[in-house]
Structure formats: structure tokens, C-alpha cells
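Let's take a walk through a protein model together. Have the chain open beside you and look up each residue as its name comes along.

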Amino acid sequence: MRTAGIICEFNPLHKGHGWMMEEVRRKGADAIVCAMSGNFVQRGEAAVADKLARAEMAVRCGADLVLELPTPWAAATAEQFARGGVELLHKTGVVTDLAFGSECGDAADLQQLAAALDSAEYEENLRSLLTGGESFAVCRQKAAAMIVGEDAAALLASPNNNLGIEYCRAMHRVGADMNLITVPRRGASHDGAPAEGIASASHIRTLLRQGKTEEAFSYMPPEAADVLRRELAAGRAPAALHNCERAVLAKLRAMAEEDFAPYDTSGEGLYHRLYEAVRSETSVEAILDAAKSKRYSHARLRRMVLHAWLDMKEVPADVPYLRVLAANETGRKLLRKMRDGGAPVLTKAADVAALGAEAEALFTTEALRTDLYTLSFPDLAQSACGRDWRVTPIML
């Protein structure tokens, strides 16, 4: 049985995501397992709908099983996001193929770049280029171009290609022996305007923020739109950190300058800029604008702010459990096979202690992060504490 793994956010799930899962099945997959970000996403924001709702969208639109990618990996750099997702899928013991969308649609080209980025020559090139003051992304592409040429290195400029390359690198590091299935991205670009009847997730989120809900739903599969419509009616969507901005600002203002240091992985003193911005500005966006420079992107700063608010200083060594968010009948069969193979499957919160101290510690911390996430709901009446301890997987 060929089982494809997809690392995703589905924030929210749109027609392009649905088409990708259909294409993965056309390419031979008998089942699809998703490693999906929990309540916080890579750009350092709250997901537009909570993880259970987005997992339900996935299973209603083509996936068989959805597992949670916990916050330390979900709200991290592309490299850490990829490592966590690949490790999670590898630990299932049932995933035979890794599937992902890319702008180039050529797995061999992405693997070539992955090998270049793992070379000692690349590291030497990068160190030299970083002294010039350009952004990490620019230096990274230039360092790779010195090995594979400018045309090949240009693939790094596209976000889905970039993630695909990181998936290849993560597979090598984790020792995951999976076949690669890459599907050419269809329709809108990552943050672009709609095309071919497909809109990006960021465009859909913008429509939701503007109150253009029916237009947003038109770019989603009907089954996913129905789930999101329900969440909006209940006051649980669209979730956004802007809804709890004062809580974020309160945490940041209570921090001393040295308290920001653990969240700065650059080693270049970025936390000094962030601290000064916190002391001079009155909104999160103004803080990000004040701290931003040619070298530091909004996304990197936004993750620092999120990590500070969540008190998330480091990424654990490995993913200690496979928390089930949603499954259908095929997914339940996969779960039985995973358990028989000794995978650390978690379906009931009360059972986490049986998976060991590391798993219990992470789950307890994730539950507290969910309590903060619910403050981003439009209706505070929906934000009672303890949500992660009470909810159970969506079984369809």
C-alpha cells in the first residue's frame, strides 16, 4: 500500500490543496497522511481556524489521517518546519512517499540543490557572503549559485521550491527512505492574486478579514467552506493575533532586554532592535516595522514575537508523539498498523503520560499554548481554558 505524507498548514484549505491531493492519488497513492501545523503557523501567526477544524477540512477533502505538527516545529524556520514534518511522518512507519507542491515540479532539481546546501563548500561560501550585510535569503541563494550555477540556485527564490529542498535535506538527516512526489503548483502564487480559479491561503485570509466571506468560500472546496462557515458562526474564526494584541504587548513590555536574547537565533544582536522597538511603539505591526531592516524579514521578527509571547525558547530534539486530529476509515486502519508497529500514537489526552516524560511535558506546554491561541478567537466566550485536554479527534 502506497501511503503519501503531506506536510501542510491548510490555513485554510483551498482548491489548490484539494487539487494537489487528487493529483497525488493519480500518481499512485492509496492513502494520504497529513502532518499539519497546530494552532500556530510558520509566519508567526495564529491559524485562521483551530487545528481540529482544519483537520476536518483535510479529511473531508482528500486526506485519510491528519496528525498534529506541534508549535515548536510549526512556527519555526523552513528548515525546522521541514525537519519536524519529515520526522513525524517517518515515525508513523506507514508513509512510503513524501508529496509536496513546488513551482518547478522537478524532484531531481530540488534534490541537487539540497545536496549543495549540505556541502562544506556551501557553508564556507555562506559565511563569507553574510559579512556583506545582505539578508540571509539573498546570501543563501548566492552561496548555492557558486556551486550549482545561478539558474539552478534561482529555485531557492520560490517558497514551495524552498520547502521542497528542506524536505529533501530533512529526509537525509532523519534517515527517512521515502519516494518523492512533487506536484507543480497550480493557480495563484504563494501570496499572489487569484489565478485559474484558485486563490492562495493568504488571499483567502485577507478576504475573511475584510468580511468578504462568500468570496473567500468560493476559493475553497465546498466541504472545507462548510467547516469554516460553521467556525465563523460559532465565533471561533477568523482567528488572529490582532484580537489579543494587548495580551501580546503586555508580555513584551514586561520583558527586560536580555529576556529577548533566547528568541534570537541569528547570533547577530537582532534582539536589541526588537527590544528597542517594543519600548518605542504601541502596536505589534509598528514594532515589526521599526525592527525590520534589509537583513531581517517581517516573518523572522514575527516568529520572534510569537515565541516570546508563548515562552518558546528552543525546538525539542525530536517529536515525541503522533497526536491524531482527524481520520476516516482508511485513516483508522493506518492507525492500527502504526500502533502495531510501536509508533507513539496519541488519541486521548489522558494517555499522554504513558508515552513518557518528554511527551507529557510537550503536550502540557502545547495545551497552555492552545489556551493562549483561543484568545485570538473573535468571540471570547469560546476561549475557555483546557481545550486541548477536552477535545477528541474528528472521526469521519
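What follows covers one loop, the nonpolar cores, some aromatic rings and a pair of helices.

A quick word on the ground rules. This is a predicted model, so local features need pLDDT of at least 70 and side-chain atom pairs count only at pLDDT 80 or more, while totals for chains, interfaces and linings use all residues. Residues are numbered from 1 along each chain as its sequence is written, and side-chain values use heavy atoms, with hydrogens and water left out.

Start at the loop between β1 (3–8) and α1 (15–26), where you'll find Asn 11. Helices (H or I, at least four residues) and strands (E, at least two) are DSSP runs, numbered from the N terminus. Phe 10 and Pro 12 sit in that loop too. Most residues other than glycine have a negative phi, and most peptide bonds are trans. Phe 10, though not a glycine, has a positive phi of about 45°. Then the peptide bond from Asn 11 to Pro 12 turns out to be cis, with omega near 0°.

Is Asn 11 buried or exposed? Its relative accessible area is 4%, so Asn 11 is buried; that word means under 20%, while exposed means over 50% and partly exposed is in between (1.4 Å probe, protein chains only). Phe 10 is buried as well, with a relative accessible area of 4%. The side chain of Asn 11 reaches the backbone nitrogen of Val 48 at 2.7 Å. Not counting residues up to four places away in sequence, Asn 11 touches a handful of others, including Val 41, Arg 54 and Arg 205. Touching, or contact, means heavy atoms within 4.5 Å.

There's another cis peptide bond, between Ala 237 and Pro 238, with omega about -5°.

**The nonpolar cores**

A nonpolar core is a set of buried Ala, Val, Leu, Ile, Met, Phe, Trp, Tyr and Cys residues joined through side-chain atoms within 4.5 Å. The largest one has 57 residues, and Leu 65, Leu 98, Tyr 167 and Met 338 touch the most other members. Apart from it lies another core, of 42 residues, with Phe 10 and Met 57 among them.

**Rings that pair up**

How many aromatic pairs does the structure hold? There are six. Rings of Phe, Tyr and Trp (its six-membered ring) pair if their centres lie within 6.5 Å; planes under 30 degrees apart count as stacked, over 60 as edge-to-face and the rest as tilted. Here are two of the pairs:

| Pair | Centres apart | Angle of planes | Type |
|---|---|---|---|
| Tyr 321 and Phe 363 | 6.1 Å | 65° | edge-to-face |
| Tyr 373 and Phe 377 | 5.5 Å | 85° | edge-to-face |

Tyr 321 and Phe 363 are 42 residues apart, so this pair links distant parts of the chain. Both Tyr 321 and Phe 363 are buried, and so are both Tyr 373 and Phe 377.

Finally, find helix α5 (residues 107–117) and helix α9 (residues 159–174), whose axes come within 8 Å and cross at roughly 65°. Axes are lines fitted to C-alpha atoms, for helices over the stretch in contact, and angles run from 0 to 180 degrees between N-to-C directions. Among the residues that meet there are Leu 110 and Leu 113 in α5, and Ile 165 and Cys 168 in α9.

Notes
Polar contact = N/O pair within 3.5 Å; in protein donor to acceptor, adjacent residues only side chain to side chain.
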